[in-house]
Amino acid sequence: MDRKLVKQTVMTSVYGVTYIGARDQIKRRLKERCNIADDPQLYSAACYAAKVSGVCLCMPVKEDFVNYFTT
């Protein structure tokens with residue numbers, strides 16, 4: 001992962017980007033680069049990158065919200 005791949009996700013994290021939004025943003029960046037032609041592989045790579053960038057940014061995910069409000 002490089003800066004250009006996750007920049008949009010990082011910049012929108014303060015506005016509450018969700019995991020799905022981050023995944024879609026990263027998927028678009030990967031598609032622009034044409035590094036991965038296979039759509040299932042592109043999706044998997046975007047999921048992985050969104051998860052890693054979310055962990056690095058400490059972005060909450062849906063399960064965290066559910067756990068927070070149910071405890």
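**Exercise 1.** Describe how helix α1 (residues 3-12) and α2 pack, by angle and axis distance.

*Solution.* Helix α1 and α2 pack at about 155°, and their axes are 9 Å apart. Axes are lines fitted to C-alpha atoms, for helices over the stretch in contact, with angles from 0 to 180 degrees between N-to-C directions. The model is predicted: local features need pLDDT of at least 70, side-chain atom pairs count only at pLDDT 80 or more, and totals for chains, interfaces and linings use all residues. Residues are numbered from 1 along each chain as its sequence is written, and side-chain values use heavy atoms, without hydrogens and water.

Next, classify the angle. α1 and α2 are roughly antiparallel (over 145 degrees).

**Exercise 2.** Which residues of α1 and α2 meet?

*Solution.* From α1 come Lys-4, Leu-5, Val-6, Gln-8, Thr-9 and Thr-12. From α2 come Ala-22, Gln-25, Ile-26, Arg-28, Arg-29, Leu-30 and Arg-33. Contact means heavy atoms within 4.5 Å.

**Exercise 3.** Is Gln-25 buried or exposed?

*Solution.* Start with location: Gln-25 is in helix α2 (residues 19-33). Then accessibility: Gln-25 has 9% relative accessibility, so Gln-25 counts as buried (under 20% relative accessible area, 1.4 Å probe, protein chains only). Last, contacts: beyond neighbours within four places in sequence, Gln-25 contacts Gln-8, Thr-9, Thr-12 and Val-17.

**Exercise 4.** Where does Arg-23 lie, and what does Arg-23 touch?

*Solution.* Arg-23 lies in helix α2. Arg-23 is buried, at a relative accessible area of 13%. Not counting residues up to four places away in sequence, Arg-23 touches Tyr-43, Ala-46, Cys-47 and Ala-50.

Key: Helices (H or I, at least four residues) and strands (E, at least two) are DSSP runs, numbered from the N terminus. Buried means under 20% relative accessible area, exposed over 50%, partly exposed in between (1.4 Å probe, protein chains only). Angles under 35 degrees count as roughly parallel, over 145 as roughly antiparallel, 65 to 115 as roughly perpendicular and the rest as oblique.
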